[in-house]
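Subject: A structure for you to explore

Hi there,

Here is the structure I promised to pass on. Have a look around first, and then read my notes below.

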Amino acid sequence: MSYTPYRLPVVSRIKSESLISMLKRGLRSDQRDLVSPRNITIEVGVIEKANGSALVKLGKTQVMVGVKIEPGRPFPDTPDEGVLQVNSELVPMASPVFEPGPPDENAIELARVIDRSLRDPKAIDLKSLVIRPGEKAWVLWVDVYVLDYDGNYFDASMLGVMAALMNTKLPEYEETESGELIVHRDKLATPLKLNKRVVLVTTAKIGDYIVVDPNLDEELIADARLILAFDEEGNIVGAQKSSIGGYTRSELSRAIEVSRKASQIYFKLLDQALQLGKQAG
Amino acid sequence: MSRVKQRPERFIDEMGRRLDGRLPDEMRPVDIKVGVLSNADGSALVSYGKTKVIAAVYGPREPPQRFAILPDRASLFVRYHMAPFSTEERKSPVPTRREIELSKVVREALEPVVLSELFPRTAIEVYIEVLQSDGGTRTASVTAASAALADAGIPMKGLVAGVAVGKVDGVVVLDINELEDNFGDADMPVAAAPDLGLITLFQLNGVMTVEEMQRGIDMALKVISDIVEKEKEALKGSIEVEAE
Amino acid sequence: MSSEKPQAPRKYLLAPGEVVEGLSENKGIYVFDYGGVKRATVLGLVEASQEEANYIPLKGFYFPREGDIVIGLVTSHGAANWFLDINSPYMGVLSVQDFFGVKQGGRVPDDPFSYLKIGDYVKAKIVAFDRTRDPVLTVQDKGLGRVVEGTVVTVKPVKVPRVIGKKGSMLEILRSSTGCDFFVAVNGRIHITCPNELLQEIAIMAIRMIEEQSHLAGLTRRIKEFIEEERKVRGV
């Protein structure tokens, strides 16, 4: 059962008025313009035991993504494909308002939006993960851990997932005569095959203004929030209006346009961050 | 042993008709009845073709969970759930991650229209059961919930209704059924309050160009107005006007 | 229908979100101003004549107002209060101090909760109700207090005007035809006191009939006929 959120932090009237008056001047509290995301840093390979991993910082929001590949069975309706499983946790350390317990509707929503945005455009080449059709295939466990929440864990998480996947290697394995699989977890061989890259772009509607990559204060005063997934050609590969507000037809058009432009910025920033990550590590 | 559905060869034939004979911009027959349950404060039974959904509303009343009380408005509690016999293969009644996400999405589709500020410290509960699933269950659920809320006399700024837009064989189609949903290229559920010009539910599963999305949104908004008219007819029809 | 008016008022139904024009009085929660346009918030009936329009909500519940006299059902109590179901989204609160008239010089006995028990009905007035707390009730007024005789019937609050009728006409028929006493509280609770049980049964049936047929023509006449017929059949 879903219920109206009751434990959200209160934004003081003074702060919300000052945020809105800054928006009128085309500025936000961290001196950004309305269409720019925050600073992004990405470290890959932060968890050696995982097949792939990344730590993303989008402003002060921090998300860690770990990818583990385990042997398993393909789904009956896709016998020639590997299996993608995305899970996410909004852990209590990340925010005073996250509670301990199994993933709540927000964590589930995050995982499912990421999953759909990878699955629908076939971003991951799942066919390359099959070992024996109908019987054996790799299961790709993607675990998204939001560690520090200052707004917009959607975009940060997807950047982390992309970076981790781009950095994921399948383990070496042998098949015995009896058909058993012996996995050499410490010998990581083939890189995971990706067909496409996808980013999530979140925009918040605050009065008449649409802002890209809202920080926590902006999320708390926003009337509505839209998350759009884009591939590099500008196709929309996922959408989720999340939050209790609504959009008029023209507001929705505007948000789509603004998000599309921002997706190109995100792809560029993703490349830059990965480059820097490679140089550093 | 699970029964696996086969992907249709084609979704649209040479005459431009879909698998069930409809044209791309054609809806399935929509039926709305209100006041179908005697205990609930409000209720509605809605079908879009074979998709059948029932919604019941209780409230405003004391919240079932005291921790969720809000001092300045009513809390909306929404449960979207699929009955075990509603799907092709029997589904376990235990709520799945999908039902948890859709409960949130449906609640967020209703929040903008319910005048919850009028009833602080109370709960308005909406219980939705999908009785038969043939595509578009969450949008039919929003329609049923809206009619049930109005049937309960809960003050609303306007009624909402929804429809799922899809894409098959490269063509944008309206009100997808289960086959088109499972094997098509996109599923874009939309819900809106036409009297207020407000879109309250919007998602995309699949791949679309920006132009296809914009076209799909316009197609959806047109039929949503018609569905809301049906809600109004059902509500007005439930009252016989004093003739004297 | 009176033939004195030059033009009969138009009657039509409005659904939530539809525009209401030319209202003569403030309808509170039933009308919402959205972008300068007034819209109905619940299903209602509009009676519009040339000069003015009246909007009557047809669906809804009892929303407490200060000054209303309600009949509440005691469902629980705390250390110093009884909590009453007043057929509304909110519980009514009746303090022990008020029940025993402490302000007026009364005294609280040792076992206050034996004087008003769970399951009892109470006629009370709402003295305070705002957004921050549940309605506060008092019984310190004429005719208020625990209901000791007769029975209480609950109808949907929106049906109350029909039970009373235009200028009290339905209520008058009920009283004169049954010989019973009726107190219709605005929260949909009706206190009925009858000379005997058979008449009480007939009175309850009549009220249920009004509730079910509230929007059909000629109801007042049919209720009168129904009661007379029932009295004949039952020999009372």
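Let's begin with chain A, where buried residues make up 45% of the 281 residues. Please keep in mind that this is a predicted model.

**Chain A on its own**

Chain A holds five helices and 13 strands. Its C-alpha trace spans about 70 × 45 × 35 Å along the principal axes. How does the radius of gyration of chain A agree with that of a compact globule? For 281 residues, such a globule would have a value near 19 Å, and chain A has 20 Å, so the two agree. Contacts in chain A also reach across the sequence: among those with a separation of 6 or more, 68% are between residues 24 or more positions apart.

**Where chain A meets chain B**

Here 33 residues of chain A are in contact with 36 residues of chain B. On the chain A side, the elements that give two or more residues are strand S1 (2–3), helix H2 (105–119), strand S13 (236–241) and helix H5 (249–280). Of these, S13(A) provides the largest share, with six residues. Sorted by class, the chain A side has 13 nonpolar, 11 polar and nine charged residues.

S1(A) is joined by two bridges to strand S4 (residues 75–82) of chain B, and the two strands run antiparallel.

**Where chain C meets chain B**

Chain B also touches chain C: 29 residues of chain B are in contact with 26 residues of chain C. Strand S1 (10–14) and strand S2 (31–34) of chain C are the elements that give two or more residues to the chain C side. That side consists of 17 nonpolar, five polar and four charged residues.

**A helix pair in chain C**

Finally, which way do helix H3 (residues 169–178) and helix H5 (residues 219–234) of chain C run relative to each other, roughly parallel or antiparallel? Their axes come within 10 Å and cross at roughly 10°. An angle under 35 degrees counts as roughly parallel, so H3(C) is roughly parallel to H5(C). From H3(C), the contact is made by Ser169(C), Met170(C), Ile173(C), Ser177(C) and Thr178(C), and from H5(C) by Thr220(C), Ile223(C), Lys224(C), Ile227(C) and Glu228(C). By class, this contact has four nonpolar, four polar and two charged residues.

Enjoy exploring!

Best wishes

Notes:
Residues are numbered from 1 along each chain as its sequence is written. Chains are lettered from A and ligands numbered from 1 in the order in which they are written. This is a predicted model: local features need pLDDT of at least 70, side-chain atom pairs count only at pLDDT 80 or more; totals for chains, interfaces and linings use all residues. Helices (H or I, at least four residues) and strands (E, at least two) are DSSP runs, numbered from the N terminus. The radius of gyration is taken over C-alpha atoms; the globule rule is 2.2 Å times the number of residues to the power 0.38. A residue is buried if 20 or more other C-beta atoms lie within 10 Å of its own, exposed if 12 or fewer, and partly exposed in between; C-beta atoms are placed from the backbone. Two residues are in contact if their C-beta atoms, placed from the backbone, lie within 7 Å. Ala, Val, Leu, Ile, Met, Phe, Trp, Tyr, Cys and Pro count as nonpolar, Asp, Glu, Lys and Arg as charged, and the others, Gly among them, as polar. Two strands pair if DSSP finds at least two bridges between them. Axes are lines fitted to C-alpha atoms, for helices over the stretch in contact, and angles run from 0 to 180 degrees between N-to-C directions. Angles under 35 degrees count as roughly parallel, over 145 as roughly antiparallel, 65 to 115 as roughly perpendicular and the rest as oblique.
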